[in-house]
Amino acid sequence: MKISKIEHLGIAVQSIDAVLPYFRDVLGLEVYKTEVVEDQKVKTAFMQVGEVKIELLEPTSPESTVQKFLDNGGRGVHHVAFKVEDGLSEALAMCDAQGIRLIDKAPRKGADNLNIAFLHPKSTVGILTELCEA
Ligand code: ZN
């Protein structure tokens, strides 16, 4: 697979509003888009940092995997998203063939107009990994 860059870092927060003063007033970053992703039960807020984005993730339901991450003591970086240049379906097939556990067997629609798929942290050295393509 050919990865061109880190597309974004997903950061889990209980409340986007509560953490915005830090990102906006201290770091000087600007939210350019907020979006609810129904099937992931999250509200997202995006900030551009050079070539990389930061995606804040706020759970919208107790069943959200982000809420479970927070409930289990998770804080801060929730996942790393890599941009795949030579086909997301092909990348997933290649991961599957190498014994990587796939959370998504096929690409699905993510936030910010991306097709995405997650790899399970149990087979990615503990890092929840998102592969995405524009
Ligand atoms: Zn993401």
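**Exercise 1. Find which residue caps the N-terminal end of α1, and by what distance.**

Solution. S15 is the cap: one of its side-chain oxygens lies 3.4 Å from the backbone nitrogen of D17. The model is predicted, and local features need pLDDT of at least 70, side-chain atom pairs count only at pLDDT 80 or more, and totals for chains, interfaces and linings use all residues. Residues are numbered from 1 along each chain as its sequence is written, and side-chain values use heavy atoms, with hydrogens and water left out.

**Exercise 2. Determine which residues of α1 are buried and how they are arranged around the axis of α1.**

Solution.
- Step 1: I16, L20 and F23 are the buried residues of α1 (buried is under 20% relative accessible area, exposed over 50%, partly exposed in between, with a 1.4 Å probe and protein chains only).
- Step 2: Viewed down the axis of α1, these buried residues fall within an arc of 80°, so they line one face of the helix.
- Step 3: An α-helix has 3.6 residues a turn, so residues three or four places apart point the same way.
- Step 4: A18, D25 and V26 are exposed on the other side of α1.
- Step 5: The cover over the buried residues includes β1, β2, β3 and β4.

**Exercise 3. State whether E7 is buried or exposed, and list its side-chain polar contacts.**

Solution.
- Step 1: E7 sits in strand β1 (residues 3–12).
- Step 2: Its relative accessibility is 7%, so E7 counts as buried.
- Step 3: The E7 side chain makes polar contacts with the side chains of H8, at 2.6 Å, and K53, at 2.8 Å (N or O atoms within 3.5 Å; within protein, one must be able to donate a hydrogen and the other to accept it, and residues adjacent in sequence count only if both atoms are side-chain atoms).

How values were computed:
Helices (H or I, at least four residues) and strands (E, at least two) are DSSP runs, numbered from the N terminus. The arc is that of the directions from the helix axis to the C-beta atoms. Contact means heavy atoms within 4.5 Å.
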